[in-house]
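Let's take a walk through this model together. Have the sequence and the 3D view ready.

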Amino acid sequence: MDLSQYMDLFLAEAKEHLESLNENLLKLERNPGDYEVLNEIFRSAHTLKGMAATMGFEQITELTHEMENALALLKEKKLRVTPEVIDVLLRCLDALEVMIKNLRDGGEQPYPYYPLLSELRDLGKVCSDHLDLPSSEPEQPSSEPLEFNEYEVSVLKAAENSEYQPYYIKVGLAPNTVMKSVRAFMVFRNLEEYGQIIKCHPPVQDLEEERFGDSFEVVFVSQAPVETISQALDKIAEVRVLTIQKISTSSLSGQKAAPLQTKTEALKNQTAVLSSPGGRALKTVRVDIERLDNLMNLVGELVINKTRLEQIGLTHRLTDLLEAIEQMGRLTADLQALVMKVRMVPIEQVFNRFPRMVRDLAREMGKDIQFIIEGKETELDRTVIDEIGDPLVHLIRNAIDHGIEHPEERIQAGKAKTARLRLVAYHEGNNVIIEVEDDGRGIDLDKVRSHAISKGFLTEKEGEYLDDNAVLNVIFQPGFSTADIVTDLSGRGVGLDVVKSKIESLNGSIEIETKKMVGTKVKISLPLTLAIIQALLVSVGKEQYAIPLSSIDETTFILPDQIKTMQNQEVMVLRGAVLPLVRLQRLLGVETAASENEELYVVVVRKGERRVGLVVDFLVGQQDIVIKSLGRLLTDIPGIAGATILGNGEVSLILDVNSLF
């Protein structure tokens, strides 16, 4: 049987189960007595084992089987939940993650997992050395004859009247079969190619949970001959047919059994659960990411053409066309909003990887950390979600290594022994704010200042006169580090500069607030989406440029004689404050169309607390624009975030305000 068609589904579900196992093992470590969490862990491991066995991945099957044995000892209270036991199980998850990554990369590369098998088996030995373990022989199925209720008898009789033959089949499994539930599933699947299963003993739930011995029984109706059915089962590995015989329905009519739930009743109950307000099932569909991207591109083209039609209607003064375009505009806006929502995914996908990382680093460094996550349900565009993970890894590792002290230091400083590390996400306007906050030692600005001067990042004069915020920005410079010792975590001068460049490439911004011996907060601001944004179109010479509205504070105008010069920098006075000016025609190398005596338009843009006035010739107007990439040859051009197609078909460059600063 060709199982390659199920590979994508296996990889997607395996990833979900690994995430669930990671999260629940950490919960179990915090609350060792929570057996509901333990049951969830057991179910995830069991499902993963079944999936791997079905696909024929022996390494994953064997490792998850041994994990199940260890988890069974925890369930039966023969083994205590300790950090050491959790360490072993987490190392197994790491191994499984590597195995699944190997499969995703195109082949099942062997992984040296035998030491982990030994560690898992040693957990069982620890138990047997200290406890008298009861026999772990599985329950044998009852040897009583199969009994049928009235519904089942009527189904068998109806089948026989339709020239279907009822069969009784007893299926045996080889001793020590690793995945009995999978073998039972394969028996069911092969039988259903030739007919329909009416009854099985033990019940399906017991078969799924492997609560049966080395055999089980089914009643089956089919038009196929005995030999065909027998061959279909015999070709399954570790399965053999013990008995297969025809059933006469006339002998069933007098039999009585305890009332079983019929298929019709089960269906009614299931429908009731789905329709009741308290039991609504979440209905979801897996959609390939490329399809969502294509859908977004099509909506983008629709927005461009709507703008084009507006231009034609205004040029030719076509009232009827403008009314139709207005209606189309509303529909386009609704469609755009809907596509945006479809692309939105909870930031939980990124946040869920961090509790494990914090736990491992805290144990490795001997630090006591309470990790708090808030706002996991906050949604972001998928493209932003894909990119934000690595910067957050840097920030959290920095907080643990540089910020948070060892328990002894904290006690001496009069702090609680357990440090608090918070990761928070929330909406603020059209942005999502992510904060990483610790109550550690904070950033020593005097140390940063002296290091910056000694390493040449600041001159003596700059170090003396710059305020704390300006000095703090030095830590984002490439190669800057205050770590005296190079460790696995830090000290190589790589980190915050990478974080800053990555966040700014997403049109976001980053700020740091710190207080010595109190703590540090890093605040990241990100746009909700990177696909369709609102922008202000400005004209410089014969060119039109788009400036994202999220970066604009206000617009104003100024006469040339109101421009002053301070330290070779043009400035203007705006409501009593000095505002630096940047002439876009000089910056972009474009000839201006405005005369020297005409009033100039100024677009005031902001990055964090800093503001700059961009001097342009004309303000064209506000518009929804679709961001298009400039392609591989024109990537990473300072000041340019991409391009958009205007209503008249021309291309307009989108200015990247962050890099302009």
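This is a predicted model: local features need pLDDT of at least 70, side-chain atom pairs count only at pLDDT 80 or more; totals for chains, interfaces and linings use all residues.

Residues are numbered from 1 along each chain as its sequence is written, and side-chain values use heavy atoms, with hydrogens and water left out.

Now the sheet. Helices (H or I, at least four residues) and strands (E, at least two) are DSSP runs numbered from the N terminus, and two strands pair if DSSP finds at least two bridges between them. Six strands make an open sheet with mixed pairing, in the order S14-S18-S19-S17-S16-S15. S14 pairs with strand S18 (residues 600-607) in the antiparallel sense, over six bridges. One of the partners in S18 is Val 605, which bridges to Ile 552.

What about cysteines? Counting a disulfide as a pair of cysteine sulfur atoms within 2.5 Å, the total is zero. Cys 92 is buried (under 20% relative accessible area; exposed is over 50%, partly exposed in between, with a 1.4 Å probe and protein chains only), at 0%.

On to the backbone. Most residues other than glycine have a negative phi, and most peptide bonds are trans. Yet the bond from His 201 to Pro 202 is cis, with omega near 0°. Gln 567 isn't a glycine, but has a positive phi of about 50°; this residue sits in the loop between S15 and strand S16 (569-574) and is exposed at 80% relative accessible area.
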